[in-house]
Amino acid sequence: MRAPPAGAADLAVAAVAGGVLVLAGNLVAEFTAFEWTLWAIEVILALSLVLVWGYCGIFSFGQAAVYGIGGYSYGVFALNLAEHTGETLSALVVAAVAGAVFAAALGYFMFYGNLSNVYVAIVTLATALVLFAIVNSTAGSAYRIGDAVLGGYNGMTRIPRITYRLPGGDPTTLTRVQFFATCTCVALVLALALRFAGRRPFGRIAAAVRENETRSSLLGYDVRRHKLWVFTLGGAIAGLAGGFYAAWGRFMSPTVFSLKPAALVVIWTLVGGRFSVGGAFVGVVIVEGLSSALGGPSGDREAIVVGALLIGIVLGLRGGVVPTLGRLWRERLRPAVMAATSGGPPRVGATALRPGGDAQAGGDLEAPVAGGIDTGAGEPVEAAGAGARLEVRGVSKRFGGVTALDDVTLEFAPYQASCIIGPNGAGKSTLFGVLTGYHQVTAGTVLLNGEDITRLGPHRRARLGLGIKMQVPSVYGALPTQENLWLAAYAACGDRAAARRHAGRILAQLGLSEAAELPAGALAHGQRQWLEIGMVLATEPSVILLDEPTAGMTRDETEQTERLITRLRSRATVVVVEHDMEFVRRLDAPITVLHMGELFTQGSFDELSRDERVLNIYLGRGNEQLGGRGEPAGRGDADAG
């Protein structure tokens, strides 16, 4: 019997949970329903952080501040227009829009200002505290918007409850039980929407950004724009929660912008599990239920017990309550149930995971198929785009007073491979950063097929056809291997089904089909190298930049990589930065030697192996030829023999 689709299962669970909660709300005392309504509102707020932090990795202390913006916006709009319109549902819309606009404005300056996550947390917290100081100083009748008096530290009062009016009917105010049912249903609908979004490209790209911003940019995704969209949507949800809160308490005060609410949202999410929408519900119920049982904020032991609970969960249940229970079910309880019902233990496949994340059951996963990454029919994995001409003209790059590149001019012709070598500190990594767009040049120009791309960022260069493999394998370690390839293919084609097919083909050609569901971080080093090369090829680039592609590979894997590059240069421009001289020799490609940030010389392997100057700067005196594996001896004249 086939299992129901994931979406249908989620909908069924939400419908049952909603029905049970609404029924319970009708059976309990009115005060209890009133308290539960606040919890439902806090769940909505926690869901906003699940989206922002759990889905996209943006650690924000500002969700409570946006919540306050939404609450005050609801109060101002409802106090001024409710008597005329007979309803306040439009005020809830205003609260959500105000939260989204505020989050978008703040997010624009943070993300397009290239702030790291640590500084994003600091800025969002500082923003909340600034708002607290501003709103706290608005006491007096002069601080008003129409009929809405801000109230300063005394707060805004007499805020209307949730009221609706049907066409031709009279205004109707929700009862406390109806309000609880409404907030609960909204929380469940939002949870379903986030679950759905997590399976769509929007959520999958957000997860990619969370796991590895650098690789996401190199695939062509605009990381800053995607983070801004996620942060804005999170602001809309938090603003909506603030509108409900204002209607619930009929009061808004500056304390909503203080440190405690900012921290509480993070605590709810951590306790329940930041990667899970169910964690928002569980975290709020655990923390607020325990707080209520201990007498609320006025209780003597509330802060101590809640703090101890947080420390215990963070240390003992790293992912939060819901993910930990889910992992316990998958790894222990479900196999036991299956064994009991089937009469024997479940079969352990070759790709089972240990708790630490390593592959087990029979040793290492298969290496790429013999003879290169190739299909059974012999079709090689190749870039589909035509080769493009890549040029650097008079490029210099300075870091403070240090000159890393000095007036370098190079040209990489279409349909050929080129190698860049040089001792440590020669400027190879800086040149690679200039080509990829991660370093802006101090002087000079970078051209792709005659088009000036000097000022373009990595994601825009990727969209123009640059495929980039980093020195250290840059993959999405926490995501399945197949998902890594899907994200790369989707960046190129924008079609989910086509990306799935393309990813499946490359996965088979890499010899990693059995590891499709394994996290990429569980693969061996050589397999991660192959996976990253496969991700580059999935984008169908016209120029392929490879930074030490054979680092950490076995001899067989190195030979496969050499054969792959030989095939690729008939379809694309290939630039290789490499230290393995035997690999460079086998490529039989033009070689550029950098030294102290300058273009030292160029030529074939045979020509350079007879050049005493190259031997001196690259491997040291006493060597008769370039060769062997490993790092160069350095820039000095030390004897390498």
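This is a predicted model: local features need pLDDT of at least 70, side-chain atom pairs count only at pLDDT 80 or more; totals for chains, interfaces and linings use all residues.
**Entry 1**

I started with helix H18, residues 525-538, which lies across E12 and E13. I looked up its direction too, and H18 runs at about 175° to E12.

Next I wanted to know how E12 and E13 are joined. Four bridges link E12 to strand E13 (residues 543-547), and the two run parallel.

What is the strand order in the whole sheet? I read it off as E12-E13-E14-E9-E15-E16, an open sheet of six strands with mixed pairing. The edges are strand E12 (466-469) and strand E16 (598-603); each has a single partner strand, so one side of each is left without a neighbour in the sheet. I also noted the twist, which averages 20° from one strand to the next.

**Entry 2: the four-strand sheet**

I moved on to another open sheet, with the order E8-E7-E10-E11 and antiparallel pairing. Here strand E8 (402-412) and strand E11 (451-452) are at the edges, and because each has a single partner strand, one side of each lacks a neighbour in the sheet.

I checked E7 (residues 390-399) against E8 and found seven bridges, with the strands running antiparallel. One pair I wrote down is phenylalanine 399 with valine 402 in E8.

H14 turned up again here: it lies across E7, E8 and strand E10 (443-448), and it runs at about 60° to E8.

**Entry 3: arginine 461**

Last stop was arginine 461, which sits in helix H15 (residues 458-463). Is arginine 461 buried or exposed? It's buried, and it has no salt bridge. I looked for the nearest side chain of opposite charge and got aspartate 452, 7.1 Å away.

So which backbone oxygens lie by polar atoms of the arginine 461 side chain? I found the one of valine 434 at 2.7 Å, and the one of isoleucine 453 at 2.9 Å.

Key
Residues are numbered from 1 along each chain as its sequence is written. Side-chain values use heavy atoms; hydrogens and water are left out. Buried means under 20% relative accessible area, exposed over 50%, partly exposed in between (1.4 Å probe, protein chains only). Lys and Arg count as positive and Asp and Glu as negative; His and the chain ends are not counted. A salt bridge is a side-chain nitrogen of Lys or Arg within 4 Å of a carboxyl oxygen of Asp or Glu. A polar contact is a pair of N or O atoms within 3.5 Å; within protein, one must be able to donate a hydrogen and the other to accept it, and residues adjacent in sequence count only if both atoms are side-chain atoms. Two strands pair if DSSP finds at least two bridges between them. Axes are lines fitted to C-alpha atoms, for helices over the stretch in contact, and angles run from 0 to 180 degrees between N-to-C directions. Contact means heavy atoms within 4.5 Å.
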